[in-house]
Amino acid sequence: MARLAATCFCVAFVLFGCKSVSLQSPPTILHPDMARDLVRQAIEYGSARAGWTTRYDEASGAIEATYVVRVHTVVVRITNDSDSVDFRYVTSVNLGCVPEGDGCSRIHKSYNVWVGGLRDAIAHAMQLPLAEI
């Protein structure tokens, strides 16, 4: 029994431990001269172009973005104030989140790549002419 437990631990470490990194929030996107409704359009457009689905929360004005890859799911909250866009981890499935406070201290290495790609797609959408959004 002890041998089976040790084997399971080693397999779990190889599968999850080596792929885990510190959860990082992507850099804030600054938009000092852009109307809030246009920023929302750019967030929704950029998210869709990056393969994320979005849901707008009327009460808070935040957007919840969800990304699904095979058996992995990640949800982030995107907030848009008067001059910036910020991203915050909400939840995930099958990403090996090591809970800490409201989020994770460590998570699957792809999380930071996926959320960074979302941030870049939104930043790019904010640079496009209005007719393209």
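Which helix holds Ser 47? Ser 47 is found in helix α2. This is a predicted model, in which local features need pLDDT of at least 70, side-chain atom pairs count only at pLDDT 80 or more, and totals for chains, interfaces and linings use all residues. Residues are numbered from 1 along each chain as its sequence is written, and side-chain values use heavy atoms, with hydrogens and water left out. Helices (H or I, at least four residues) and strands (E, at least two) are DSSP runs, numbered from the N terminus.

Start with Ser 47. Is this residue buried or exposed? Ser 47 counts as buried, because its relative accessibility is 0%. Here buried means under 20% relative accessible area, exposed means over 50%, and partly exposed lies in between (1.4 Å probe, protein chains only). The Ser 47 side chain reaches the backbone oxygen of Ile 43 at 2.7 Å. Leaving aside neighbours within four places in sequence, Ser 47 is in contact (heavy atoms within 4.5 Å) with Trp 52, Thr 54, Ile 78, Leu 118 and Ile 122.

Glu 44 pairs with Arg 40, and their closest N and O atoms are 3.2 Å apart. The term salt bridge means a side-chain nitrogen of Lys or Arg within 4 Å of a carboxyl oxygen of Asp or Glu. Both residues lie in helix α2 (residues 36-49). They are 4 residues apart, about one turn of the helix. Glu 44 is partly exposed, with a relative accessible area of 26%. Arg 40 is partly exposed too, at 28%.

How many salt bridges does the structure hold? The structure holds 3. One of them joins the side chains of Arg 55 and Glu 64, at 3.6 Å from N to O. Arg 55 counts as partly exposed because its relative accessibility is 46%. Glu 64 counts as partly exposed at 24%. Another salt bridge links Asp 120 and Arg 119, at 3.7 Å from N to O. Asp 120 is partly exposed, with a relative accessible area of 47%. Arg 119, by contrast, counts as buried, because its relative accessibility is 18%.

Now turn to the sheet. Strands of a sheet pair through backbone hydrogen bonds, either parallel or antiparallel. An open sheet of 3 strands has the order β1-β8-β7, with antiparallel pairing. Its edge strands are β1 (20-22) and β7 (98-100), and each pairs on one side only. Two strands pair if DSSP finds at least two bridges between them. From one strand to the next, the twist averages 30 degrees. Strands β1 and β8 (residues 103-108) run antiparallel and are joined by 3 bridges. Val 21 stands opposite Ile 107 in β8.

Which helix packs on this sheet? Helix α3 (residues 109-127) does, touching β1 and β8. The direction of helix α3 makes about 100 degrees with that of β8. For such angles, axes are lines fitted to C-alpha atoms, for helices over the stretch in contact, and the angles run from 0 to 180 degrees between N-to-C directions.

Ser 84 is found in strand β6 (residues 84-93). Ser 84 counts as buried, because its relative accessibility is 7%. Not counting residues up to four places away in sequence, Ser 84 touches Thr 28, Ile 29, Leu 30, His 31 and Thr 79.

Note on methods
A polar contact is a pair of N or O atoms within 3.5 Å; within protein, one must be able to donate a hydrogen and the other to accept it, and residues adjacent in sequence count only if both atoms are side-chain atoms.
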